[in-house]
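Please look over this model before reading on.

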Amino acid sequence: MANLKSSKKDIRRTARRKERNGEDRTELRTYARLLLKAIKAGEKTEALAVFSKLASKLDRAAKTKLIHKKNADRKKSRMALRINSIETKAA
């Protein structure tokens, strides 16, 4: 157990950050799951709506260093390719 006052404060701060980061990661996975479900169902308009929210969440997560910037870019790119493949199947 920490003895210094600043160390105790660091432990509290780390616990708060860990909880917030866990919630944010869960939210990212939820939006990704919703997007994949919409893509699988072939609902392009719904997929685009969810994709815009997911892209925003990914950018924010990269900005706060929850995930790496290139990781966010890669995820957005792959999801965009999947969304665009809906159109080619229908045509």
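This is a predicted model: local features need pLDDT of at least 70, side-chain atom pairs count only at pLDDT 80 or more; totals for chains, interfaces and linings use all residues.

1. Every value here is computed from it.

2. Start with α1 and α2. Their axes come within 9 Å and cross at roughly 155°. That makes α1 roughly antiparallel to α2, because angles over 145 degrees count that way. The crossing of these two helices is left-handed.

3. Which residues make this contact? From α1 come Glu27, Leu28, Tyr31, Ala32, Leu34, Leu35, Ala38 and Ile39. From α2 come Glu46, Ala47, Val50, Phe51, Lys53, Leu54, Lys57, Leu58 and Ala61. By type, the residues of the contact of α1 with α2 are 13 nonpolar and four charged, with no polar ones.

4. Now find the largest nonpolar core. It has 19 residues. Leu35, Ala47 and Leu54 have the most contacts inside it. Helices α1 (5-41), α2 and α3 (69-90) each supply at least two of the core residues. The largest share, seven residues, comes from α2.

5. Which residues does Leu54 contact, leaving aside neighbours within four places in sequence? They are Leu28, Tyr31, Ala32, Leu35 and Met79. Leu35 is also among the core residues with the most contacts.

6. Glu46 sits in helix α2, which covers residues 44-63. Glu46 and Leu35 are 11 residues apart along the chain. Their C-alpha atoms are separated by 8.1 Å. Both residues belong to the contact of α1 with α2.

7. Lys76 lies in helix α3. Why does Lys76 count as buried? Its relative accessibility is 18%, and buried means under 20%. Not counting residues up to four places away in sequence, Lys76 touches Phe51, Ala55, Leu58 and Asp59. Of these, Phe51 and Leu58 also take part in the contact of α2 with α1.

8. Finish with Lys65. Where is it found? Lys65 is in the loop between α2 and α3. Lys65 has a relative accessible area of 74%, so it is exposed. Its phi is near 65°, a positive value in a residue other than glycine. Most residues other than glycine have a negative phi. Please check this residue in the structure view.

How values were computed
Residues are numbered from 1 along each chain as its sequence is written. Side-chain values use heavy atoms; hydrogens and water are left out. Helices (H or I, at least four residues) and strands (E, at least two) are DSSP runs, numbered from the N terminus. A nonpolar core is a set of buried Ala, Val, Leu, Ile, Met, Phe, Trp, Tyr and Cys residues joined through side-chain atoms within 4.5 Å. Buried means under 20% relative accessible area, exposed over 50%, partly exposed in between (1.4 Å probe, protein chains only). Contact means heavy atoms within 4.5 Å. Axes are lines fitted to C-alpha atoms, for helices over the stretch in contact, and angles run from 0 to 180 degrees between N-to-C directions. Angles under 35 degrees count as roughly parallel, over 145 as roughly antiparallel, 65 to 115 as roughly perpendicular and the rest as oblique. A crossing is left-handed if the near helix is turned anticlockwise from the far one by less than a right angle, and right-handed if clockwise. Ala, Val, Leu, Ile, Met, Phe, Trp, Tyr, Cys and Pro count as nonpolar, Asp, Glu, Lys and Arg as charged, and the others, Gly among them, as polar.
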